[in-house]
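Reader: I'm new to this and keep hearing about charged side chains pairing up. Could you walk me through how to read that in a structure?

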Amino acid sequence: ATVNLPIISNASLIVGISNYLLRWYCFLLLLYAISRQKSTICCDRAFCNYIWAFTGGKTLVYEGHPEGNIPAKNELSERISNDLKQRGFKFLGPVTIYSHLQASGLINDHGRDCPCFDDINESTNIVYKREDA
């Protein structure tokens, strides 16, 4: 009896191994980040207070963002990222921090036509800011 095995070219074998190694490399980077954590911000409540202190406890609405002019990072996310890096955090750049600020409600980037835009603005203290501020 003959067994028909799929033919794997060297190129597809290399791509498959590369993808496998890349996944392991990313996993190891994550483990490294966790194991090297030296932060003095150790619990969720402390981090919440820490992060909201940068905005004075207010949600920020930047000029132009509700119209869709949303950057990947801004001065605030760069400042927070630099501060966290000084505290021992690794792999936390300004783009990741900006995404966290959006997800946590510190920056309201919803469009004006989105119901969430008004809901957030009515339920929290907000500050309107220029894009470069």
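Reader: Let's start with Arg79: is this residue buried, partly exposed or exposed?

Author: Keep in mind that this is a predicted model. Buried means under 20% relative accessible area and exposed means over 50%. Arg79 has 39% relative accessibility, so this residue counts as partly exposed.

Reader: Which side chain does Arg79 meet in a salt bridge?

Author: Here's the general idea: side chains of opposite charge can pair when their charged atoms come close. In this model, Arg79 pairs with Glu75, at 3.1 Å from N to O. Glu75 is partly exposed as well, at 41% relative accessibility.

Reader: Why are Arg79 and Glu75 separated by about one helical turn?

Author: Because the two sit four residues apart in helix 3.

Reader: How many salt bridges are there?

Author: The count comes to three. Another one joins Lys73 to Glu78, with the closest N and O atoms 3.7 Å apart. Lys73 is partly exposed at 41%, and so is Glu78 at 32%. Then there's Arg87 with Asp83, where the closest N and O atoms are 2.9 Å apart. Arg87 is partly exposed too, with 32% relative accessibility.

Reader: And what about the nonpolar core? Which residues touch the most other members of the largest one?

Author: That core has 14 residues, and those touching the most other members include Ile80, Leu84 and Ile97. Helix 3 (75-86) and helix 4 (94-104) are among the elements that each supply at least two residues to this core. Leaving aside residues up to four places away in sequence, Ile97 touches Ser77, Ile80, Ser81, Leu84 and Leu92.

Terms used: Residues numbered from 1 in each chain as written. Predicted model: local features only at pLDDT ≥ 70, side-chain atom pairs only at ≥ 80, totals over all residues. Heavy atoms only, no water. Core = buried A, V, L, I, M, F, W, Y, C linked by side-chain atoms within 4.5 Å. Buried < 20%, exposed > 50% of the residue type's maximum accessible area, 1.4 Å probe, protein only. Contact = heavy atoms within 4.5 Å. Salt bridge = Lys/Arg side-chain N within 4 Å of Asp/Glu carboxyl O.
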